[in-house]
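Hi everyone, thanks for coming. Please have a look at the structure on the screen, and then we'll walk through it together.

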Amino acid sequence: MNISVVGLGYVGAVCSACFANEGHNVIGMDVDKVKVDLINKGKAPIVEKDLDEYISRNVKAGRLRATTDLKEAIDNSEITIIAVGTPSKPNGDIDLKYIKEAAKAIGEKLKEKDEFHIVSMRSTVLPGTGRNVVIPIIEEISGKKAGVDFGYVSNPEFLRESSAIWDFYNPPKTVVGATDERSYKTFRELYSFLNAPYFEVEIEVAEMIKYADNSWHATKVTFANEIGMICKKLGIDSHKVMDVFCADTKLNISTYYLKSGFAFGGSCLPKDVKAITYKAKTLDENTPLLNSLMPSNEYQIKRVYNEFIKPLRSKKIAILGLSFKANTDDLRESPILELTEILIGKGYKVKIYDSNVLKAKKDGANKEFLENELWHINERLVENLEDAIKGNDIIVIGNGSKEFEKIPQKYRDKYIIDLIRVTQQISNENYIGIAW
Ligand SMILES: NC(=O)c1ccc[n+]([C@@H]2O[C@H](COP(=O)([O-])OP(=O)(O)OC[C@H]3O[C@@H](n4cnc5c(N)ncnc54)[C@H](O)[C@@H]3O)[C@@H](O)[C@H]2O)c1
């Protein structure tokens, strides 16, 4: 394929050299003449392992060259990859100055081009940037329509500096979000040489994945550092701790606990987070990430009330599932219990159904707890699902119990607030998912 790459920094230089190495004809374009000249001389414009060799080999083979002339780059390619910088503004917001400049320039050149052209965003941009900023600029200036006259693709970059070429050939994944099937198909072909997970998603999902990734990576580093700080104060070798921690691929290094949804609860997580952060405090150690867990969890509960329940014009509500997860009657630190208490306190007419808690109400270990400490909950517990729903306008699905799966489809006239995502197939306009 004929590819142009706008911006020849760390990302642009590497992907130019690597796509050329895969046999494509690549024209790199940058406003910085020094970088352009270096590439044309067969030299890397940045320090990166093996890049000099890749650039020199492919320039010599005639598959890679660079220019400061965008028209030349666009006229001689069917795909333009944008890899300009997206630095931070002083307030932390992303600065789209270079992206907008590049989009305007591309729009000008596309105005003069008749053939279908794909514009691909390799730079990291916030969700919505493609559809709300870049596409409108290109459409307005070129007079062309995205998805029809030109394709727009979000294809975030996952390379790490210092192993960027290796990462190009061994990416953790390739993510492609596009405006049209033709662009998806072209990118499938473009990346057909890779043996790595490949995801076709919506443009905004592709954009967001990059931020989820980097936020997660930053969280991992900070978490390991805070555990290390506590260990040091306690005379424990944190590397021994983290080695064992990482060896647990069931609960720790795994997909477990990574579904967006409602607050955590139960008899262990809140108690143990509170204990270790208190311990850190007594050691005069500062652990802002760990300290933020309980407030963030509390916020989840208040948010469900403030954002989803409060705006609805009814105070008649059914809570389905009271324990912190399905198949247990354990009510200790249940966030749904806390949400229910907020609702009762605010005068909601609440009915509660939870088959496991019901069992406990009859003869389980929680019987006394329910009767003495949770009598306000006990008196609102009903015997079956239908009784809980009857006469109520809002249904909150609080845990992933199987018997709740059909609720969103069955009760289309009621507001359904799903804390769990009990089902993937939802076609109920009164359905409200809390994070989807
Ligand atoms: N560096 C990394 O490891 C890495 C990894 C993944 C994603 N990213 C993302 O990729 C993007 C690029 O990062 P980078 O580190 O390569 O940036 P960089 O600053 O090294 O390079 C950007 C290049 O774009 C050029 N440029 C600016 N405006 C231009 C224009 N209008 N036309 C042509 N060229 C222009 C600059 O001269 C510069 O050479 C950023 O969004 C970054 O967040 C970077």
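Let's start with a pair of lysines: Lys316 stands opposite Lys349 in strand S10. This is a predicted model, where local features need pLDDT of at least 70 and side-chain atom pairs count only at pLDDT 80 or more, while totals for chains, interfaces and linings use all residues. Residues are numbered from 1 along each chain as its sequence is written.

A word on the labels: helices (H or I, at least four residues) and strands (E, at least two) are DSSP runs, numbered from the N terminus. Two strands pair if DSSP finds at least two bridges between them.

Leu320 has Tyr353 as its bridge partner in S10. To get from S9 to S10, the chain passes through helix H14 (residues 335–345), and this β-α-β crossover is right-handed. That term means that, with the strands pointing away from the viewer, the path from the first strand over the helix to the second runs clockwise.

S9 also pairs with strand S11 (residues 394–397), again in the parallel sense, over four bridges. Here, Ile317 stands opposite Ile394.

Is S9 enclosed or open? Four of its five residues (316–320) are buried, so S9 is largely enclosed by the rest of the structure. By "buried" I mean that 20 or more other C-beta atoms lie within 10 Å of a residue's own; exposed is 12 or fewer, partly exposed is in between, and C-beta atoms are placed from the backbone.

Ser314 is partly exposed, because 13 other C-beta atoms lie within 10 Å. Its C-alpha atom is separated by 36 Å from that of Asn291, 23 residues apart along the chain.

Now let's zoom out to the sheet. Five strands make an open sheet with parallel pairing, in the order S10-S9-S11-S12-S13. S10 and strand S13 (431–433) are at the edges with a single partner strand each, so one side of each has no neighbour in the sheet. From one strand to the next, the twist averages 20°. For angles like this, axes are lines fitted to C-alpha atoms, for helices over the stretch in contact, and angles run from 0 to 180 degrees between N-to-C directions.

There is also an open sheet of eight strands, with mixed pairing and the order S3-S2-S1-S4-S5-S6-S7-S8. Strand S3 (64–67) and strand S8 (198–201) are its edge strands, each pairing on one side only. Within this sheet, strand S5 (residues 117–121) and strand S6 (residues 150–154) run parallel and are joined by five bridges. Ile118 has Gly151 in S6 as its bridge partner.

Finally, the overall layout. The domain assignment, which is automatic or from a database, gives domain 1 (2–201), domain 2 (213–296) and domain 3 (299–433). The centres of domain 1 and domain 3, taken over C-alpha atoms, are 49 Å apart.
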